[in-house]
Amino acid sequence: MTSPAFTTRGLTKVYGEGHTAVHALRGVDLEIPKGEVVVLLGPSGSGKSTLLNILGGLDRATDGTALFHDTNLSEMTDRQLTRFRRDHVGFVFQFYNLMPSLTARENVELVTEIAQAPLDAGDALALVGLADRADHFPAQLSGGEQQRVAIARAIAKQPEVLFCDEPTGALDSQTGRTVLKVLQDVNDQLGSTILMVTHAAHTAKMADRVIHFADGAIREVVLNATKLNPEEIAW
Amino acid sequence: MVSPLDHKLVRDLWRMKGQGMAIGAVIGVGVMLMVMMTGLTVSLTETRAAYYDRYRLADVFASVARAPDRMADRIALLPGVAAAESRIVGRALIEVPGEALGIQAQAVSLPERGRPALNDIYLTHGRMLDGSRSDDVIVLESFAKAHDLSPGDTLRATMNGSRRTFRIIGLAQSPEFLYTTAPGELVPDDARFGVIWMSRSSLAATYDLDGAFHDLLIGLTRDARQDAVITAVDDLLDRFGGRGAYGREDQQSNRFVSEEISGLEAAAKGVPPIFLAVASFLLYIVMSRMVQSEREEIGLMKAFGYTNAEVGTHYFKMILAIAAGGALAGCLAGIVAGRMMIGMYLIYFKFPFLVFQLDPASFVIGVSASILAASAGGLFVLRRVFALDPAAAMRPPAPANYVRAGQMGRALARRLDQPSRMVLRRILRQPARMAGAMIGIATGMALSVSMITIYAGFDRTIDLTFSVVDRSDATVSFTHPVSDKTLFELGRLPGVTHVEGMRHVPVVFGNGRNSYRGVLTGLPPDPQLNWALDADMVPIPLPDRGIVLSVYIAQTLDLRPGDLVRIDLREGRQPILEVPVAGIAQTLLGSPAYMDLAALNALLGEPGRVTSAALTLDPARADALYRDLRDMPTVVGVSVKAQARDAFVEIMDTGAGSVRYVMGAMAFIITFGIVYNAARIAFAERERDLASLRVIGFTSGEAAFVLLGELAVVVFVALPLGGVLGYYLSFGIAAGFSTELYQIPALFDPVSYGSAMLVVLGAAFVSGLLVVRDLNRSDLVEALKRRE
């Protein structure tokens, strides 16, 4: 096994204080190997999104350590976290979060303008199969297309890790499959580690590793002996 | 049971309390001003009416050189005349221990005993005259207080050339002297002008007027026609040197009170609507933002079966709560402010009592106008609530459509980086919204420009009046038109460095049916101390035939240079004639008119006469000179320019003129309110975009650029627009502040524009800091979860 991209020890996240405190994570110990497709599964409120947000540098743990290679994310300043997001990770969200005022290409360029070794925006869009829609505004694109632009935007910086929070949550099955295929391609071609949160169990079939979450803790980690191609997944 | 919607209402209001209070405050200020100003109008009008009625202020006033007492009896019998009271009025120079300068005063006769039929006095201390002693006097209370005089004290005064000592037996106020100024001066100063009432016989002896009078008061019957009475009185008094009877509206003290009341009335009508319009605009923006972000809840309510009307009512109640809250707070603040203002008015208008009275109508009008204005803003928002269909509302909104905005400005966009393109396209996409924000900010800028211009205008008025138009140090008035040889006598007094004679003649100017009662000033050729200046501050030469009018008279009578003006001189042989207007003089204090001294004397048939002299003097010898002047029998008064200037500055800073500071503060509040709201709304609408940028790896500074870039563009476009608006608004506001007493010029002063720009930029800077602070605090994860 290669060295892990992320390692957590005793990772804890508590929202609020006193008797209103909510324990979103209760001491999570985890290793995420580099280059794998990892799916975090579990019901809502189980803590999977919280874990994703902490590893992605959007949120801070209350206790414990979260290492990205050898760097402790918990000790980073806001400025360093921004730097971390800018240089190393990409995000894809359920609701796409595109800039409505920029075209598909410009949305991608938003990232390539500030990244260190970016792909060409056109190439990134070609990778998600949207080369011909590059000059369309989000309002002119379907939900699936918008999500693929979001993926193109996330991968254009050639991130080491791609975080996806319910990337197919707002999509129909056919579009969902297309989006998962794109993610698989990114993993294959760029070698990015993919960490995907979902509560759709079938998505797990494309993963190298499936982490089951419940009540803020890992219940089970399953290694898939045989990964399915997203196109073969039944919804 | 309280409906769940009402629970939501209360919680929503609590959540948006900051913005709600800001808008409520704008409404409140508008209502406060209205309640305060209409209340003051009512208080002044009604108190004045009651005071005049109770102390029987005359309806018509006539002064005459010398008329026999029987003429008063004849006038009393004229149709329409209810009462006529003759009296003697003269000028006096009071000596105050420790002061070299004599103080100008007016001596007014009262009946030997009992009350006068007209122009009674309100005795505040001591007793009335009882005919026992000829040296008993009653003194105007405000003057007595300024000099610490009380009944039992003595008073020395020079009257008609003879020096006398009086005994003060009482202090009084009078409806005739609500607003008192020394002759030839326009600004009241309690310490520098007095009124003394004394017995008729005593004054008659002083002025050699036994069996005669030179002032007549006339009370009218209810159905009397004032014009007819005035004409009849003029006819009767003409051969005794009548100076022309005039109605109460032309009586000096009353004229100033009326001026103040009409200024208040105009302001009460003009200013509050500005505040309500601004509030309406802000409410529209805030509510439409709220409906946009609650589209899901609205859809849900509709899906549960709430009707459009019920949902609409829910949001309308919120508008009502803000409007009504602001309006009620404004009513209360208006009462408090009104009571404070009344105290200020009592300094200038000597009412025996002045209680702030509310105009109940102003409550009703204020509250309902606020609600109407707020509803006007809200109705547009409600239209959107109705238009939402439940299913659409439950889906996340489609991304805002930027296709058209993307087509525009493509060439420009190509040269910009992505964040700048976002700024550009947002502005292009909602031109109306941006224009609204720009106009709003420009309005704030315009208000600031005009208020700062007005400040400069006040300074300009003072500077022009006391340094440019009048270059003398003091002005000496004589008991009667004296030979200009007196000027040589004055010039020889130690301490006098330059003397210039002038002649002031009461006159009625006329053009067609318009007339204006004023004073005509004769100036020597090539004057050095007082002159008529045109708008460029160049002296206007006074022709042999012709008259130079001040701007105010020219405007009142609608006259231009070259026109003929009718002048009805009320002195000497009282000629009435028409003379050409030779020029318009730029004066900012008072409303003078000028003529060549020799030409004026020729018209009167009295060559070589002057009624006053302007002096420059050696300050080191001023006190000795004032004592010398006090001892000159022909001198009836000395006005020292520095004192007149101080009095004027004081009335500007504490009287009606001080409102400009309040207006200035409000201009700033409005400017800040609009800029801050524009920034807040931009932030609220883009919170999710900004969070996305931060997630992608933009620093908070880079994300803030996208937010503040828009604000910066809006502000920079608004600045020149505001400058232009302000230029025009200045004239309107300057006209509003100008009165017959003083005119405030709207000067184009680059400093005013620069300062106003700093106000707007300052407001933008602070607003920017506040929203960036919110941006840095906002929770990325929360912002991203939001569907819109």
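Predicted model: local features only at pLDDT ≥ 70, side-chain atom pairs only at ≥ 80, totals over all residues.
**View 1. Two chains meet.**
Let's start where chain A and chain B touch. Each side brings its own set of residues: 28 from chain B and 28 from chain A. The size of an interface is often given as the accessible area lost when the parts come together. Here, chain B and chain A bury about 2700 Å² between them, and 62% of that area is on carbon and sulfur atoms. Which residues of chain B lose the most area to chain A? They are B:Q418, B:V695 and B:I696, and together they make up 23% of what the chain B side buries. To look at a salt bridge up close, find A:E106 and B:R421: their side chains meet at 2.5 Å, counted from N to O.

**View 2. Stacked rings in chain B.**
Over all chains, the structure holds 18 aromatic pairs. In one of them, the ring centres of B:Y345 and B:F349 are 6.0 Å apart and the planes are at 5 degrees, so this pair counts as stacked. Are these two residues buried or exposed? B:Y345 is buried, because its relative accessibility of 5% is under the 20% cut-off. B:F349 is buried as well, with a relative accessible area of 4%.

**View 3. Rings along a helix.**
Now move to B:F672 and B:Y676, a stacked pair with 5.8 Å from centre to centre and 5 degrees between the planes. Where do these two sit? Both belong to helix 21 of chain B, which covers residues 659–696. They are four residues apart, about one turn of the helix. B:F672 is partly exposed at 23% relative accessibility, and B:Y676 is partly exposed at 23% too.

The charged end of B:R429 sits over the ring of B:Y402, at 4.9 Å from the ring centre.

**View 4. An open sheet of four strands.**
In what order do the four strands of this chain B sheet run? Reading across, the order is 2-10-1-11, and the pairing is antiparallel. Strand 2 (81–87) and strand 11 (246–247) stand at the edges with a single partner strand each, so one side of each has no neighbour in the sheet. Strand 1 (residues 60–68) pairs with strand 10 (residues 212–220) over six bridges. To line those two up by eye, look for B:F61, which stands opposite B:L217 in strand 10 of chain B.

**View 5. Strand 17 and its partners.**
Strand 17 of chain B (residues 576–585) pairs with strand 15 (residues 547–550) in the parallel sense, over four bridges. Here B:V548 stands opposite B:G583. Strand 17 also pairs with strand 16 (residues 564–569) of chain B, this time in the antiparallel sense and over five bridges. The bridge partner of B:L564 is B:P580 in strand 17. Strands 16 and 17 of chain B make a hairpin with six residues between them. In the turn, B:G572 has a positive phi of about 60 degrees.

**View 6. A buried serine.**
B:S362 lies in helix 10 of chain B, which takes in residues 360–387. With a relative accessibility of 1%, B:S362 counts as buried. What does it touch, leaving aside residues up to four places away in sequence? The answer is B:M34, B:V35 and B:T38.

**View 7. Two aspartates with a positive phi.**
Most residues other than glycine have a negative phi. A:D215 is not a glycine, yet its phi is positive, at about 50 degrees. A:D215 is found in the loop between strand 9 (209–214) and strand 10 (217–223) of chain A, and at 61% relative accessibility it counts as exposed. B:D148 has a positive phi of about 60 degrees, and it isn't a glycine either. Look for B:D148 in the loop between helix 4 (141–146) and strand 7 (154–159) of chain B. B:D148 is exposed, with a relative accessible area of 67%.

Technical notes. Residues numbered from 1 in each chain as written. Chains lettered and ligands numbered in written order. Heavy atoms only, no water. Phe/Tyr/Trp six-rings, centres within 6.5 Å; stacked < 30°, edge-to-face > 60°. Buried < 20%, exposed > 50% of the residue type's maximum accessible area, 1.4 Å probe, protein only. Lys NZ or Arg CZ within 6 Å of the ring centre and 35° of its normal. Pairing = 2+ DSSP bridges. Contact = heavy atoms within 4.5 Å. Buried area = accessible area lost by both parts, 1.4 Å probe. Salt bridge = Lys/Arg side-chain N within 4 Å of Asp/Glu carboxyl O.
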